[in-house]
There are 2 protein chains.
Amino acid sequence: MISEVELIKRIRRFPSPPSPPDLLKGIGDDCAVFRPGGADTLSLITTDTLVEGVHFDLSWHPPQLLGQKAAAVNLSDIAAMGGIPRFALLSMAIPTTMAVSNVDAVLEGFLHALTHAGVSLIGGDTVRSDQGLTLSVTVIGEVESGQVLYRSGAKAGDQIWVSGWLGQAAAGLALCRQGQAERKALYPALLDAHLAPKPETALGRALAQSGLVTAMIDMSDGLASDLAHLCEESGLGALVRAESLPISGDCREASQALGLVPEGLAISGGEDFSLLFTAPPAARNAIAGLAGQAVGGQLHLIGEMIEGQGVLLSGDGPSRHIEFQGFDHFSGDRP
Amino acid sequence: MISEVELIKRIRRFPSPPSPPDLLKGIGDDCAVFRPGGADTLSLITTDTLVEGVHFDLSWHPPQLLGQKAAAVNLSDIAAMGGIPRFALLSMAIPTTMAVSNVDAVLEGFLHALTHAGVSLIGGDTVRSDQGLTLSVTVIGEVESGQVLYRSGAKAGDQIWVSGWLGQAAAGLALCRQGQAERKALYPALLDAHLAPKPETALGRALAQSGLVTAMIDMSDGLASDLAHLCEESGLGALVRAESLPISGDCREASQALGLVPEGLAISGGEDFSLLFTAPPAARNAIAGLAGQAVGGQLHLIGEMIEGQGVLLSGDGPSRHIEFQGFDHFSGDRP
């Protein structure tokens, strides 16, 4: 089965018009970036599609939370560029068998998440689906041109940070799949991480405005994959210390009950939608300080950028390469 | 089954943040319109989703032409605002069973149409589908703020124009559904209208720049529906003369062979993607002149805007209301 990376390579092989001067970034970052004629801010744009049976399972996903999540995964991409989300479009392919109350609930959750982020729904498309529900969302944002954060700006020696815990969403997904109601009830934070992730909008803005950060990406595919993207775009490698992986007590406990390895979830589990970013060591205290401020949440230092390529994990034994173990929808290892 | 109009009403009932001052038009036109901070042009954005089994049938739709069409239906929305298309995003939900050569052909057709329009592909998403192929496209355009054309600007007494023939795409669809190869071969223009419609990009720009046009919409749902949208947004009614409906000889001939009424296709057949616009009678010669210039194509005068509401068709007998006979995907009367 063809992978997303392979598809993008194929797209790049087709003849295309030369990149126009007002396009700052096309395919290959969390958002595309362009400068509308005469504008003093840059425009950001991103799109993400959620397909029933591939990205979500309505047998356990409350429709309102699904609507929230469809917004969140796109808002997270704007956050990863340091931007302010402004406008959204929603395309829904709706099964003829879907109850109107469930359509309403999806809309309500989606609009709730937009309103919370100060974003206006300005368009979209609703079509009939003979099969499952598909939600395709586009979000437009803006960012000052001096503050936009790409995946490509990391320098060797920069420290690598993540916001929040790793592997939470993957543990939540495993709990949902396993289906034991009593066990699920024990770990509301893990379920939330899977069902209704929160985009790091305020943190992304604060980091962009701090001027301290050199590169940033959001954690959609898992640490191994997302850090590998950042490394590739920055032309560097990364060294991650296994003992620094931020894994919550809940995640460890639930993993044990489910027969999973929490470090595996932290490395390869996707959809945490936290931010992964790099900054010079001299910025360490200032960045740690950001976490204590209005931004909330925790920032964790997990390693550093190194010369070379690929993502190395150092632990008790010899360091090992972990890149490309993250989730690819095409590999089909998800609901 | 819930209709798109009903869904939009439901969306409007949910609490939402006040419309920001830089948003000029949200839901309810061919594109949303906003002015990025400090920009001297307006940004246009539109999205349309094509679902296998609802909007297209791969048993007769060559994948390359399908890719072209997915671009065209969005480029047509930019044309209907008088804008210049600039950037596109493509989300593909790809069945695991789809041959890579067919995925390539869809991409090739899509990129060909973009390149022809001077548009850059700047992002998207590729996900696995357990069911059919879904193509969700977003196109961003720009337009000078004095030249943007909404659905809402028509005045009573304005004449109503359409570009090109009506009912061509519906006749082409009927030929494809009926499936007789010999008959299909007789009507390449009808097949083209269904399989690979051409957006009226140059005409839309010329009309916007002429300063003669008061309102415009693209013909995606059929004359009755699209003119009803323009009437509703302009707070007026419309009178269409049946004898002025531009129906091609091909359409009449194929309709007869298929047992269809060509006037019915012209009124209710969707997806012609021609432009429907209004202009004062004094502009008549100047507009007719535009058709003869670089723009190419034919412009047809079909009626005029009147006080009141609804779309009236005048013919041999008494005038009758024809609005809301156009295609709604949710009514399910298509492949």
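Author: A polar contact is a pair of N or O atoms within 3.5 Å. Within protein, one atom must be able to donate a hydrogen and the other to accept it. One more point before we start: this model is predicted.

Reader: What makes Gln168(A) and the side chain of Asp272(A) a polar contact?

Author: The backbone nitrogen of Gln168(A) lies 3.2 Å from a polar atom of the Asp272(A) side chain. The cut-off is 3.5 Å, so the pair is within it.

Reader: Where is Asp272(A), and which residues does Asp272(A) touch?

Author: Asp272(A) sits in the loop between helix 10 (262-268) and strand 10 (275-279) of chain A. Residues up to four places away in sequence are not counted. Beyond those, Asp272(A) touches Trp165(A), Leu166(A), Gly167(A), Gln168(A), Ala169(A) and Met219(A).

Reader: How do you know that Asp272(A) has no salt bridge?

Author: The nearest side chain of opposite charge is Lys69(A), 9.4 Å away. A salt bridge needs a nitrogen of Lys or Arg within 4 Å of a carboxyl oxygen, so Asp272(A) has none. Even so, Asp272(A) is buried.

Reader: What makes Arg86(A) and Glu142(A) a salt bridge?

Author: Their side chains meet at 3.3 Å, N to O. The limit is 4 Å, so the pair counts. Arg86(A) lies in strand 4 of chain A and Glu142(A) in strand 6 (residues 134-144), so the bridge ties together parts 56 residues apart in sequence.

Reader: Why is Arg86(A) called buried?

Author: Arg86(A) has 13% relative accessibility. Buried means under 20%, so Arg86(A) qualifies.

Reader: What does the salt bridge of Asp29(B) and Arg151(B) tie together?

Author: The bridge itself is 3.6 Å, N to O. Asp29(B) is in the loop between strand 1 (23-25) and strand 2 of chain B, and Arg151(B) is in the loop between strand 6 (134-144) and strand 7 (159-163), so the pair ties together parts 122 residues apart in sequence. Asp29(B) is buried at 11%. Arg151(B) is buried at 13%.

Reader: Asp130(B) and Arg128(B) also meet in a salt bridge. Which of the two is buried, and which is partly exposed?

Author: Arg128(B) has 9% relative accessibility and counts as buried. Asp130(B) has a relative accessible area of 45%. That value falls between 20% and 50%, so Asp130(B) is partly exposed. Their bridge is 2.7 Å, N to O.

Reader: How many salt bridges are there over all chains?

Author: The search finds 24. Elsewhere, Glu6(A), Arg10(A) and Asp104(B) are linked in a network of salt bridges.

Reader: How many aromatic pairs are there over all chains?

Author: The count comes to four. One of them is Phe87(A) with Phe34(B).

Reader: Why is the pair of Phe87(A) and Phe34(B) called tilted?

Author: The centres are 4.7 Å apart, and the planes are at 40°. Stacked needs under 30 degrees and edge-to-face over 60, so 40° is tilted. Phe87(A) lies in strand 4 (residues 84-95) of chain A and Phe34(B) in strand 2 (residues 32-34) of chain B, so the pair joins two chains. Phe87(A) is buried at 2%. Phe34(B) is buried at 6%.

Reader: What makes the pair of Trp161(A) and Phe277(A) stacked?

Author: Their centres are 6.1 Å apart, within the limit of 6.5 Å, and their planes are at 0°, under 30 degrees, so the pair is stacked. Trp161(A) is in strand 7 (residues 159-163) and Phe277(A) in strand 10 of chain A, so the pair ties together parts 116 residues apart in sequence. Both residues are buried.

Reader: Why is Ser101(A) called exposed?

Author: Ser101(A) has a relative accessible area of 51%. Exposed means over 50%, so Ser101(A) passes. Ser101(A) lies in helix 3 (residues 100-116) of chain A.

Notes. Residues are numbered from 1 along each chain as its sequence is written. Chains are lettered from A and ligands numbered from 1 in the order in which they are written. This is a predicted model: local features need pLDDT of at least 70, side-chain atom pairs count only at pLDDT 80 or more; totals for chains, interfaces and linings use all residues. Side-chain values use heavy atoms; hydrogens and water are left out. Helices (H or I, at least four residues) and strands (E, at least two) are DSSP runs, numbered from the N terminus. Buried means under 20% relative accessible area, exposed over 50%, partly exposed in between (1.4 Å probe, protein chains only). Lys and Arg count as positive and Asp and Glu as negative; His and the chain ends are not counted. Contact means heavy atoms within 4.5 Å. Rings of Phe, Tyr and Trp (its six-membered ring) pair if their centres lie within 6.5 Å; planes under 30 degrees apart count as stacked, over 60 as edge-to-face and the rest as tilted.
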